[in-house]
Amino acid sequence: MASHSDTLVVFFGATAGANGGKLGSDEREIILLVWQIVDLHEKKVGKLHRCLVKPDTLELTDECKEETGLDLDDFLQAEPLDKILQQFQQTVLSELKALGRTSYTLCINSPLIIRQALHPEASKKNLVLPECFFSFVDLRKEFHKCCPNAGPVQKLSLPSMLEYVGLPPVSEQVTGVREVRNMVQLMLHILAEPYNHNISCFETVKYKFESGTCSKTEPVDSETVIRARGLPWQSSDQDIARFFKGLNIAKGGVALCLNAQGRRNGEALVRFINPEHRDLALERHKHHMGSRYIEVYKATGEEFLKIAGGTSNEVAQFLSKENQVIIRMRGLPFTATPQDVLAFLGPESPVTDATEGLLFVKYPDGRPTGDAFVLFSCEEYAQNALKKHKQILGKRYIELFRSTAAEVQQVLNRYMSTPLISTLPPPPIVPVPVLATPPFLPTSSNTRDCVRLRGLPYTAAIEDILEFMGEHTIDIKPHGVHMVLNQQGRPSGDAFIQMKSSDKAFMVAQKCHKKTMKDRYVEVFQCSTEEMSIVLMGGTLNRSGLSPPPCKLPCLSPPTAYAAFPAPAAVLSEAALYQPPLLATPRPPQPTTHSPAHTLAYYPPQPHLYMNMNMNYTAYYPSPPVSPSTVSYFAAPPGAVAAAVAAQPHPAAAASPMLPQHGALVRMQGLPYNTGVKDILSFFQGYQYAPDEYSGMVQMSEQARNLIQPKEWLCL
């Protein structure tokens, strides 16, 4: 508006559900709008207008019927919301013209009708609201400024404010008309003697969400942050801002969360401009985005900075251009140049500032990852670029996705940070006796003397498993309970139990299957140690049988990972290669203080486990949503390697060593799925390598290893 001093339009609305302090919290549609013009100069009022609005879903709650006195029959001749808004515009403008005024501002008794009802409903119905609905005056806040002793704003109501200034409420019984007339009476009273109040607090609704960057050092008030859960994977920051339409989100205040594999996990952290808007956002808990309901919870500023904060100058410079649409490209050839990308996008989707609008994501050593972010100045250019999704550049198809500033920060932070998991929960102290000499991890066997527990509560401890097993606890082998941790070092919900015999394992699987532990039923399957290893390598085991992993060979970590664990030169058996990757080394021995009982082993995270996890690049480096799932493979822990080598010496150990000297192994990453042994041997033609019976594993001389370029599709 050009000026806020000419005219006020006192405005009231009601929905088909909850009204009053809970208006808009149940997503019900608007069914009633009432307004009246007030000339602030002449202290005159215009005609009062009351319009019923026909909702798309013609249904009224009992609470609504009681408060408004309306029934379904009253809406048979009513107009929809868009028609009523047009009528509002026409009547207000005609009255303004008659009064000789040029501008007006809405005056409401609570921001709920504007922020929680009108804007969200208009957004869902793709209605363009008149400009007047983006600025308004809150009568309660103006009254609080005029009469600060009347009480806090949140507790002010029309009857209490009228009573405070000594005004009698109007005797009107029609809902909407009564409220508007009381508001007009109160506003004129505080503008006159003796109060002579000047209206100065004008609230606004942002037209659109502003993207931007956030520094890790920037202070973020925890009272302004929420966590939204259950978002569609393809939702962007603009979609989330649209879900919270009517509430003002801080610049760059939407951070989409990524999981450990870098895919969007359906959660986002949203930062609002003040606690009042955050509290209104919490009222949208379980409101719908399309057909999905979204959960809204409180979050902290620390959580927001962890996701959205960044320290890279390169990223800050890239995102410094405002009002840009960000597109993420995945699968670029490692040799792709900025000119190649610009040529791929074409003239119909020009990049902002040409090469300055491109950000290639690289590993810490400078190698390209195949990912890049691109800036476009408008939605049209971005849409043209998205049409090239899965088109070919070089010999590779390129995936394109919408992205956000926070996602750029997350991806760059993940790639550029060291792939070590620096903080994991400390090993829990379990008050159970352990063996004086803890054994190594179990070696592979076909005997089905193990059971797998699946679906354990994440808080389950050893004592809970013992209680779950009941009378079968006495049949557990010493150190036979193996808690499985995930890549972050937290419980995965799985455990493997070694029983004294296959018969005992069979009885446990029969009697404990789908038995309850902490309100969750737990599945119990009989298995062997070999099947256990295959499951941990990505296969599946259920009552229908065993499904092997997509690839039978794990990716071995570099020889340096084993430097602290010297092993004799020998060929590793397949059992050794299949040792469980996420079963860490047992705790150091503790003195036995109890009578001989069920000796158990708990496997907490250990430093050398992180070393092996280092090489699983897919676990640390993100990829966009809907990219193919990748199965992670880890090397067996050194203790298991040593145990397997000692227990199962290979007859050809002296002739064909697998772990001879430092630097004799190379890891090949990115092999085509149809690659065979002959293809790999052909690739290394001209170098000396040791013959090997396992496909995908090649041993070379130190000279050949040194000649391989790290920027190829090999990881040394």
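**Exercise 1.** In this predicted model, ring pairs link F11, W35, F88 and F133 into a cluster. Take the pair F11 and F133 and work out which geometry class it falls into.

*Solution.* For F11 and F133, the centres sit 5.6 Å apart and the planes make 70 degrees. Pairing needs centres within 6.5 Å, and planes over 60 degrees apart count as edge-to-face, so F11 and F133 form an edge-to-face pair.

**Exercise 2.** Find which parts of the chain the F11 and F133 pair ties together.

*Solution.* First place F11: this residue is in strand β1 (residues 7-15). Next, F133 belongs to the loop between α3 (112-124) and β5 (135-138). The two parts are therefore 122 residues apart in sequence, and the pair ties them together.

**Exercise 3.** Are F11 and F133 buried or exposed?

*Solution.* The cut-off for buried is under 20% relative accessible area. F11 comes in at 2%, so F11 is buried. F133 has 0%, so F133 is buried too.

**Exercise 4.** Now classify the pair F88 and F133, and say where its partners lie.

*Solution.* The ring centres of F88 and F133 are 5.3 Å apart, with planes at 40 degrees, so call this pair tilted. F88 lies in helix α2 (residues 81-99), while F133 is in the loop between α3 and β5. That's a link between distant parts of the chain, 45 residues apart. Both F88 and F133 are buried.

**Exercise 5.** Which residue lies over the face of F468?

*Solution.* Look for K515: this residue lies over the ring face of F468, 5.5 Å from the ring centre.

Definitions and conventions: Residues numbered from 1 in each chain as written. Predicted model: local features only at pLDDT ≥ 70, side-chain atom pairs only at ≥ 80, totals over all residues. Heavy atoms only, no water. Phe/Tyr/Trp six-rings, centres within 6.5 Å; stacked < 30°, edge-to-face > 60°. Helix = DSSP H or I, 4+ residues; strand = E, 2+ residues; numbered from the N terminus. Buried < 20%, exposed > 50% of the residue type's maximum accessible area, 1.4 Å probe, protein only. Lys NZ or Arg CZ within 6 Å of the ring centre and 35° of its normal.
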